[in-house]
Amino acid sequence: MTPYDFKDPDVRRRRFRPIPVRMLVPNVITLLAICAGLTAIRLSIEGRMSLAVYAIVFAAALDGIDGRVARMIKGQSKFGAELDSLADFVNFGVAPGLMLYFWQLHELGNAGWIAAMVFAISGGLRLARFNATMDDPNKPAFAANFFTGVPAPAGAITVLLPIYVAFLDLGRWPAAVTAGYTLLIAFLMVSRLPVFSGKTMRMRVPPELVLPAFVAVIFFIALVIAYPWHLLSIGTVLYLLGLPLGYKSYRDQARAVEVAAPSGGEVTAPPSSSALTANPPEPPRDDRPDRLH
């Protein structure tokens, strides 16, 4: 019997086992985000740039909740993780680059296309690096609070700042300035700059503030609907100005770890007595340091 002998009842049972609905819900949200990103490309080709920006913002909102929903209902899967990476590349790499090209960068000819292409490729490289270093055992514990480089959704929102400014009737930036700004955001995405993530923050609302929190959320949504370009512009500027603060916080925590570490440079937890009893240390046979577990 080969490993793929489908006549075997055990193989058929494993292959056609029903999938729980909770495993499908996060993937459906991710697929909706891909649809929003592709729709943004179509809208930008048709010249409906405001709707295209709304589609990208909607895709970013979906990207922010699909992972949380998966963890909440225990619907994580390797398939979902790969699909999410594909969605991020399309929504926050390809779509914003094409939007800027159709909107203004095409005026620069090949130079504008290169700027848009570099941004899209930078988004893909940033996501590939994130997937490759996700389970890095050498990362310090505090590094879980930081991204390496500007994350793809934030890069997509910030790179569209020239469009926000134009919709505020503040005038268009020169095409060369827009291209330079696009390349700057692309560089920040692939850089080693520590960016505060906030993923490990656990926010709890006191009971007496639950109703005010609902009112604040509704008020914020109303502001987004009434003044979308003002909020997107202000939020983008504040985010870019806050990047040095994230770098300073990472550097301070790294220095604190170095000061607290022993002369060897690494902090290791002392072994428990049970571990010492079960696995007594062997005497060193040479001058090499003991193996670290």
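Q: Which side chains does Arg172 meet in a salt bridge, and where do the partners sit in the chain?
A: Side chains of opposite charge can pair when their charged atoms come close. In this predicted model, the side chains of Arg172 and Glu107 form a salt bridge, with N and O 3.8 Å apart. This pair links distant parts of the chain: Arg172 lies in the loop between α7 and α8, and Glu107 in the loop between α4 and α5, 65 residues apart. Arg172 counts as partly exposed because its relative accessible area is 47%.

Q: How many salt bridges does a search of the whole structure find, and which residues are linked in a network?
A: The search finds four. Arg42, Glu46 and Arg48 are linked in a network. Within it, the closest N and O atoms of Glu46 and Arg42 are 2.8 Å apart. Glu46 is partly exposed, at 38% relative accessible area, whereas Arg42 is exposed, at 53%.

Q: Where do Glu82 and Lys78 lie?
A: Both are in helix α4, four residues apart, which is about one turn of the helix. Lys78 counts as exposed because its relative accessibility is 66%; Glu82, at 46%, is partly exposed.

Q: Which residues make the nonpolar surface patch?
A: A patch residue must have over 30% relative accessible area. Here a patch of about 870 Å² includes Trp113, Ile114, Met117, Phe187 and Val190. Helices α5 (110–132) and α8 (175–190) each supply at least two of its residues, and α5 gives the most, with six. One member, Ile114, is found in α5 and counts as partly exposed, at 45% relative accessibility.

Q: Which residues of the largest nonpolar core touch the most other members?
A: Core residues are buried, with under 20% relative accessible area. Of the 45 residues in this core, Ile56, Met99, Leu160 and Tyr164 touch the most other members. Helices that each supply at least two core residues include α2 (21–45), α3 (49–72), α4 (78–103) and α10 (228–260). Leaving aside residues up to four places away in sequence, Leu160 touches Ile56, Pro96, Met99 and Leu100.

Q: Where is the pLDDT below 50?
A: Where pLDDT is low, the predicted coordinates should not be read in detail. The protein averages a pLDDT of 80, and 79% of the residues score at least 70. Over residues 264–277 the value is below 50, and this stretch has five contacts beyond near neighbours in sequence. Residues 286–293 also stay under 50, with two contacts beyond four places in sequence.

Note on methods. Residues numbered from 1 in each chain as written. Heavy atoms only, no water. Patch = residues over 30% accessible without salt bridge, like charges linked within 9 Å, V, L, I, M, F, W, Y side chains within 5 Å. Areas by Shrake-Rupley, 256 points an atom, 1.4 Å probe, with all protein chains shown as cover. Buried < 20%, exposed > 50% of the residue type's maximum accessible area, 1.4 Å probe, protein only. Core = buried A, V, L, I, M, F, W, Y, C linked by side-chain atoms within 4.5 Å. Contact = heavy atoms within 4.5 Å. pLDDT = per-residue confidence, 0-100.
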